[in-house]
Amino acid sequence: MAETQTSVDVFTKLERVAKLARDAPNMAFRNLAHHIDIDWLREAYRRTRKDGAHGVDGQSAETYAANLEGNLQSLLDRAKSGAYRAPPVRRVHIPKGSGTETRPLGIPTFEDKVLQRAVVMLLEAVYEQDFLDCSYGFRPKRSAHQALAALQHQSVVMAGGWLLEIDIRKFFDRLDHGTLREVLRRRVHDGVLLRLIDKWLHAGVLEDGSISYPDAGTPQGGVISPMLANIFLHDVVDAWFDREVRTRLAGRASLFRYADDAVFLFANEPDARRVLAVLPKRLGKYGLELHPDKTRLVDFRRPDRVPPGGGSGGSRTFDLLGFTHFWGTARSGKWVVKRRTAKDRFRRAITRVALWCRKHRHDEVRAQQKALAQKLRGHFGYYGIIGNYEALARFLH
C-alpha cells in the first residue's frame, strides 16, 4: 500500500522513539501515548488488513471506511480518555498439527484491530531495540524463512550437534497477566498504553453464543497478541539464554525462536542436557511449562561425525515451522541440512483443499480455477524452497 505524507510524519516520530530506546536501554517510557494522534490512527488504519474476518459486531473494513475520519476521531477520543471498551473477540478453531487437535483464534472487530495496530507501532519502536537476533516471529523485516535459513546455516557451520526442540504447553492460553504486566513495566510505564493492554487482556471471548472472561492468556488473532508474546519470551527465554546461560556452557550454542516455537542447537551433549534440566524451572518461574511429549533432545550431529555405535538410536530429524529437517548430501558430495514439508502440514494442506473442493464443487469453473490457483500460489510461496521438490510435486498431483 502506497505511503502518504502522513506515513512519513509518523515514521519520523517512530524513529525518534526508537533512538530514545536505543540510547537508554534501561529507561522505562512514561509518555508514549501522546504520539497517538489522528495522523497516527490514519497510518494504523492504512497498515491494517482490510480483508480479514469480521469480529463480533460484523463490521467490515469497507463499512468502517464510509465514515473513516469520524470513526478515527471517535476512536482517538475514547482511547485517550479511557472510555474505550475492548469488545469481545469472536473465537474460531483452526487445525493444529495432526489428528483432531485445534488452535483457538480470537477475531477482534475491525476498529479494535486499528487501535491494536496503533499501539503495536509504538511498542515495536521501543522493543525492536531490545529484541535479539535469535527471534524471528512477527517482527518487521523478519520471517519464518529467515529463521529456517539461519538454523540451516548454523547447523552446517557447526557440523550439526545436539538439538533441543521445545514446546511450551498452551503458551497463549496460559500467559500470566500479572507477570506480563511486570515485564512490560520494565520498559513501558505509560498509563494510557498499559490500560489499553489490560483491556485487551480482559476482553471477553465469544464462543457458541456465550461470552467467557479468561483470567490468563492472550487470544491469538489480533496484532497485539504476538507483540506481547515476543516481549514476554524475550525476557523469559531469549535474554536469559544469551546473557546467563550461553556464557556458562562449554561449547557453542544457538537459539532460534519464532513466536512460541523454538529450538536450541548445542555443540556438545552435556550442555544440551544441562539446559534441558534447567529450562522447566525457568519457565515455571513465569507460570509456564514444557510439553513433556513434544519437548525432546535430538542427536543432530552430521552423520560422518557420529562414531560407529555412537548414535543415540532415536530419530535424527526434527520439525520446525512446517518443515522436517534432516542431513543429506548435495550434488557436490558435501553434507547439507535438507528440508521437506512436514507430514502433518502436508496432510493438513491436502485436507483443506479437498474440503474446499467439496464445498464449492457447484461453483462456476472459472471461479474454482481462480481460487485454487490462489491456494497453490500460497502453498508454493511458503513451501517452495530448494530441496522440497518431491513434496511440492505430490501436493500438485
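This is a predicted model: local features need pLDDT of at least 70, side-chain atom pairs count only at pLDDT 80 or more; totals for chains, interfaces and linings use all residues.

Analyst: Residues are numbered from 1 along each chain as its sequence is written, and side-chain values use heavy atoms, with hydrogens and water left out.

User: In what order do the 4 strands of the open sheet stand?
Analyst: Strands are DSSP runs of E with at least two residues, and helices are runs of H or I with at least four, numbered from the N terminus. Two strands pair if DSSP finds at least two bridges between them. The pairing in this open sheet is mixed, and the order is β2-β1-β4-β5.

User: Which strands stand at the edges, each with a single partner strand?
Analyst: An edge strand here has a single partner, so one side of it is left without a neighbour in the sheet. The two are β2 (102-107) and β5 (210-212).

User: By what angle are neighbouring strands of this sheet turned against each other on average?
Analyst: Axes are lines fitted to C-alpha atoms, for helices over the stretch in contact, and angles run from 0 to 180 degrees between N-to-C directions. For this average, direction is ignored. The value is 40°.

User: Over how many bridges do β1 and β2 pair?
Analyst: Strand β1 covers residues 89-95. Pro95 stands opposite Thr102 in β2, and Arg91 has Gly106 as its bridge partner there. The sense is antiparallel, and the number of bridges is 6.

User: Which residue of β4 stands opposite Arg90?
Analyst: β1 and β4 (residues 205-207) pair in the parallel sense over 2 bridges. Opposite Arg90 stands Leu206.

User: What is the volume of the largest cavity?
Analyst: On a 1 Å grid over the protein atoms alone, a cavity is a set of points where a 1.4 Å probe fits but cannot get out; a pocket is an open set with protein on both sides within 12 Å along at least five of seven lines. Points are joined across faces, edges and corners, and a volume is the space filled by probe spheres set on them. The count is 5 cavities of 30 Å³ or more. The largest has about 110 Å³.

User: Which element gives the most to the lining of the largest cavity?
Analyst: Lining residues have an atom within 4 Å of a point. There are 14, and those closest to the centre are Val89, Gln116, Trp200, Pro219 and Ile224. Elements giving two or more residues are α5 (110-127), α9 (191-201) and α10 (224-245). The most, 3 residues, come from α10.

User: How many charged residues line the second largest pocket?
Analyst: This pocket has a volume of about 610 Å³. Its 25 lining residues include Arg47, Glu124, Glu128, Arg139 and Pro140, the closest to its centre. Asp, Glu, Lys and Arg count as charged; Ala, Val, Leu, Ile, Met, Phe, Trp, Tyr, Cys and Pro as nonpolar; the others, Gly among them, as polar. The lining has 12 nonpolar and 2 polar residues, and the charged number 11.

User: Is Ser225 buried or exposed?
Analyst: Ser225 lies in helix α10. Its side chain joins that of Thr218 in a polar contact of 3.4 Å (N or O atoms within 3.5 Å, one able to donate a hydrogen and the other to accept it; residues adjacent in sequence count only if both atoms are side-chain atoms). Under 20% relative accessible area is buried, over 50% exposed, in between partly exposed (1.4 Å probe, protein chains only). Ser225 has 0%, so the class is buried.

User: What separation do the C-alpha atoms of Leu196 and Ala86 have?
Analyst: Leu196 is in helix α9 and is buried at 4% relative accessibility. Along the chain, Leu196 and Ala86 are 110 residues apart. Their C-alpha separation is 8.0 Å.
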